Amino acid sequence: MIYIRFTQVHLINASSTASIESGLVDIGLNAGIADADVSKTLNWMCQKKDEWLLLFDNADDPEVDLRSFFPQCGHGNVLITSRNPTCVAHAPDANYNLSGLSHDDAISLLRKTAKMLTKNNDDTNSRAAALAIVEELGHLALAIAQAGSYIGAGNCNMSEYLGIFKKHR
């Protein structure tokens with residue numbers, strides 16, 4: 001088995017065109033590009049001949065043209081996470097469909113990562129909020145673990161999370 005070590009990993013919130021553009025400008029600014037913009041950042045990535053990773057996360061909106069944000073070079077790596085099945089067109093021979101957890105496993109993971117395993121936290125409102133969260137997150141383990149960690153760190157309670165998530169997706 002070959003293990004690739006990425007020299008740089010860049011995470012882009014791909015939920016909208018504006019968030020992608022902002023993320024790419026931030027990458028450029030962090031790289032020291034004067035007057036960084038999308039085009040300059042993508043050109044900079046093409047000039048780097050090492051194994052970087054550009055991760056487009058939450059690319060669920062079918063109206064967003066992801067292809068226009070791909071560096072036009074034969075090196076580097078692009079990874080897209082999406083619940084939009086049309087995204088497979090970007091990598092028809094290299095895509096994986098990850099199914100979600102079962103209903104009970106998803107709620108259990110959320111409660112565990114949110115540090116809510118005591119009976120005091122097992123009220124009807126908490127269960128309803130947990131159900132709404134796991135359904136909004138598509139029963140996806142990583143998203144649920146992140147949500148639980150956010151809740152468990154004291155940033156909000158279970159019933160407040162979805163409002164925060166939807167506002168700051």
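Me: Ala, Val, Leu, Ile, Met, Phe, Trp, Tyr, Cys and Pro count as nonpolar, Asp, Glu, Lys and Arg as charged, and the others, Gly among them, as polar. With that in hand, how do the residues of the lining of the largest pocket divide in this structure?

Reply: Before the answer, please keep in mind that this is a predicted model. The lining of the largest pocket divides into 24 nonpolar residues, 11 polar ones and 5 charged ones.

Me: How is such a pocket found, and what volume does the largest pocket have?

Reply: The general idea is that rolling a probe the size of a water molecule over the atoms shows where empty space is left. In this structure, the largest pocket comes to a volume of about 1,600 Å³. It is lined by 40 residues, and those closest to its centre are Asp 57, Asn 58, Ile 80, Thr 81 and Ser 82.

Me: Which loop holds Asp 35, and what is phi of Asp 35 near?

Reply: Asp 35 is found in the loop between α1 and α2, and phi of Asp 35 is near 50°, again a positive value in a residue other than glycine. Asp 35 is exposed, with a relative accessible area of 67%, whereas Asn 58 is buried. The loop between α1 and α2 is also the place of Asp 37, which is partly exposed, with a relative accessible area of 33%. From the C-alpha atom of Asp 37 to that of Phe 56, a residue 19 places apart along the chain, the separation is 17 Å.

Me: Could we step back to the whole chain; how many helices and strands does it have, and what pattern does it follow along the sequence?

Reply: The secondary structure comes to 6 helices and 3 strands, and reading along the sequence gives the pattern β-α-α-β-β-α-α-α-α. The C-alpha atoms fill a box of roughly 55 × 35 × 35 Å, taken along the principal axes. Of the 169 residues in the chain, 33% are buried. Among contacts between residues at least 6 apart in sequence, 62% join residues at least 24 apart.

Me: How should I read a nonpolar core, and how many residues does the largest one have?

Reply: A nonpolar core is a set of buried nonpolar side chains joined to one another through atoms within 4.5 Å. The largest one here has 20 residues, and those with the most contacts inside it are Ile 12, Ile 20, Leu 24, Leu 54, Phe 56 and Leu 66. The elements that give it two or more residues are α1 (17-30), α2 (38-47) and β2, with α2 giving the most, 4 residues. To take one member, Ile 20 is in contact with Ile 12, Asn 13, Ala 14, Phe 56, Val 64, Leu 66 and Phe 69, once neighbours within four places in sequence are left aside. Apart from this core lies another, of 18 residues, including Ala 129, Val 134, Met 158 and Leu 162.

Me: How many aromatic pairs does the structure hold, and which residues form one aromatic cluster?

Reply: Aromatic pairs are read from the distance between ring centres and the angle between ring planes, and this structure holds 3 of them. Tyr 150 and Tyr 161 form an edge-to-face pair, 6.0 Å centre to centre, with 65° between the planes. This pair links distant parts of the chain, as Tyr 150 sits in helix α5 and Tyr 161 in helix α6, 11 residues apart. Tyr 150 is partly exposed, with a relative accessible area of 34%, while Tyr 161 is buried, at 9%. Tyr 161 also pairs with Phe 165, this time stacked, at 6.0 Å centre to centre and 20° between the planes. Both of these residues lie in helix α6, 4 residues apart, about one turn of the helix, and both are buried. Together, Tyr 150, Tyr 161 and Phe 165 form one aromatic cluster.

Key
Residues numbered from 1 in each chain as written. Predicted model: local features only at pLDDT ≥ 70, side-chain atom pairs only at ≥ 80, totals over all residues. Heavy atoms only, no water. 1 Å grid on protein atoms, 1.4 Å probe; cavity = no way out; pocket = protein on both sides within 12 Å on 5 of 7 lines; lining within 4 Å. Points joined across faces, edges and corners; volume = space filled by probe spheres on them. Buried < 20%, exposed > 50% of the residue type's maximum accessible area, 1.4 Å probe, protein only. Contact = heavy atoms within 4.5 Å. Phe/Tyr/Trp six-rings, centres within 6.5 Å; stacked < 30°, edge-to-face > 60°.
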